[in-house]
Structures are given as C-alpha cells and as structure tokens.
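I opened my notebook to go through this model piece by piece. Here is what I looked up.

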Amino acid sequence: MRILLVEDDIALAEGIRTALKPEGYTVDWLQDGSSALHALSTESFELAILDLGLPRMDGLQVLKHLRAAANPVPVLVLTARDATSDRIAGLDAGADDYLVKPFDVAELKARLRALLRRSFNRPQPMLEYRGITLDPVSQSVSYQGQPVNLPRKEFLLLHELLAQPGRVLTRDKLQQALYGWGEELESNALEVHVHHLRKKFFSELIRTVRGVGYLVDK
Ligand code: CA
C-alpha cells in the first residue's frame, strides 16, 4: 500500500511515517505542493495525505489540479485549524476525507483504513490472464482454480503487469510501485520477484525487454 504524505511540518510528518510503517504502508514524503502534484500525476499511489498549508502550491490547488485531470487517488486532507470554511473548501475541491490538527494517530489510521476500503469497493475488475485470476479487492490470486499465496511484493508486481497487458513497464516504474522512494533495494530485487512469478505460474508469463523492463503479452 503506497501512500504519499505531503506535509511541511517535519516533526508531524516523521510522527505519521513512524506510526504508519508497522501497518504495512509504504509512505513517501514530500514537503511542498508543486512536487506533490508532480508525483501524484506521474506515479501511482493508493492514497494521499495532503496538508492544506504548503509552500510553493497550497493543498487546495494541488487537489483542484488533480481532480481537473480526473485523477481518482483518494485524498485525506489535513487542516491546521477547525475552520469550517477550510473543510468545506477541501471537500468541494475533491478531498475524500479530512482531519483537523492536532489529531490522534489512531484516528488517522482508522480514517485511512476506511478510505482504502471505500476505494477498493469501487468496482475494480478481476484480472484474468491465461489461467491466472487476480482479485484486487481481496488481494488474492488463483491459478487454474487453485489459490496461490504470493508475498506482498510479488502480488504487487503481478498486479502491475496484469493490469496493463501488452505494455512494457519500465524497471523504474515497477520499482517505485513496489518499493517507494529511498527504500534500500538490492539491485536484482526485481529480477528475483520476476523469477519467482515465472516459477509459480509459467515461464513465458513475463517477458523481459532487455534494458527497458518487463511485460506480459496481450
Ligand atoms: Ca503546513
């Protein structure tokens, strides 16, 4: 579960990251609105936590740009004070939920869970590919009718690939989807996951495009 946290209060951001890590979230962190808009437009996150008062571009502008571009990423807004006008402006601009500072991390976690549940409950097609069925909602996979238990990174990789058959996914894009920024990464980690997936399903499942990345054929 990859989350983008956009917050210029360093102590608060570090507190949030520390609290969310044990929950299994990968939390990438940015401190200004314009970098956040760029990241959300070019990379995939399951959710964004967005402070409204930010340098370079405020959170409301980020939201408005995202929604104008039909970007559906769920956004939880953080507002500095309990000003009704801020909350309404946030919701009007397309926020899915908001929290007023200061807040309890337990409440933040509960809100995130609810948001993710809601976003997974939007109709998402089952992915089916040559005997493999991947259910993005229950995060389960089966092959020829038999359940297959995949470690999280392998599941994420298979999901990325099956969602876009016929399209070459670059190593960079896949690594970001699996690991987020700054996570220490063995240089051959991606190859190892690919190798495991080929073994668990079939060897022609994933094609290597040398020097570029991987794809599953259409
Ligand atoms: Ca702020």
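**Entry: strand E5**

I began with the two faces of E5. Asp97 and Leu99 make up its covered face. Tyr98 and Val100 make up the uncovered one. I noted a general rule beside this: in a regular strand the side chains alternate between the two faces of the sheet. For naming, helices (H or I, at least four residues) and strands (E, at least two) are DSSP runs, numbered from the N terminus.

The model is predicted, so local features need pLDDT of at least 70 and side-chain atom pairs count only at pLDDT 80 or more, while totals for chains, interfaces and linings use all residues. Residues are numbered from 1 along each chain as its sequence is written, and side-chain values use heavy atoms, with hydrogens and water left out.

**Entry: the sheet around it**

Which strand pairs with E5? I found strand E4 (residues 75-79), parallel to E5 over four bridges. Two strands count as paired if DSSP finds at least two bridges between them. Leu78 stands opposite Leu99 in E5.

I then checked how well E4 is covered. Five of its five residues are buried. Buried means under 20% relative accessible area, exposed means over 50%, and partly exposed is in between (1.4 Å probe, protein chains only). Val75, Val77 and Thr79 are on one side of E4, and Leu76 and Leu78 are on the other. Both faces of E4 are covered.

I moved on to E3. Four bridges join E3 to E4, and the two run parallel. Ile49 stands opposite Leu76 in E4. Strand E1 (residues 2-6) is also parallel to strand E3 (residues 47-51), again with four bridges. Val6 has Leu50 in E3 as its bridge partner.

What is the order of the strands in the open sheet? I read it as E2-E1-E3-E4-E5, five strands with parallel pairing. Strand E2 (26-30) and strand E5 (97-100) are the edge strands, and each pairs on one side only. From one strand to the next the twist averages 20°. For such angles, axes are lines fitted to C-alpha atoms (for helices over the stretch in contact), and values run from 0 to 180 degrees between N-to-C directions.

**Entry: aromatic rings**

I looked for ring pairs next. Rings of Phe, Tyr and Trp (its six-membered ring) pair if their centres lie within 6.5 Å; planes under 30 degrees apart are stacked, over 60 edge-to-face, and the rest tilted. How many aromatic pairs does this rule give? The count is two. The rings of Tyr143 and Phe201 have centres 5.4 Å apart and planes at 80°, so this pair is edge-to-face. Tyr143 lies in strand E8 (residues 140-143), and Phe201 lies in the loop between helix H8 (189-200) and strand E11 (207-209), so the pair ties together parts 58 residues apart in sequence. Both Tyr143 and Phe201 are buried. Tyr143, Phe201 and Phe202 form one aromatic cluster.

**Entry: three single residues**

His193 came up in helix H8. Is His193 buried or exposed? It is buried, because its relative accessible area is 13%. I listed its contacts, meaning heavy atoms within 4.5 Å. Leaving aside neighbours within four places in sequence, His193 touches Lys153, Glu154, Leu157, Leu178 and Tyr179.

Arg171 is in helix H7 (residues 171-179). Arg171 is partly exposed, because its relative accessibility is 25%. Beyond four places in sequence, its contacts include Ser187, Glu191 and Tyr214.

Glu23 sits in the loop between helix H1 (10-20) and E2. Its relative accessibility is 37%, so Glu23 counts as partly exposed. Not counting residues up to four places away, Glu23 touches Lys109 and Arg113. The C-alpha atoms of Glu23 and Met1 are separated by 9.5 Å, and the two residues are 22 apart along the chain.

**Entry: the whole protein**

I finished with totals. The protein has eight helices and 12 strands. Of its 218 residues, 47% count as buried. Its C-alpha atoms fill a box of roughly 55 × 35 × 35 Å, taken along the principal axes. Among contacts between residues at least 6 apart in sequence, 58% join residues at least 24 apart.
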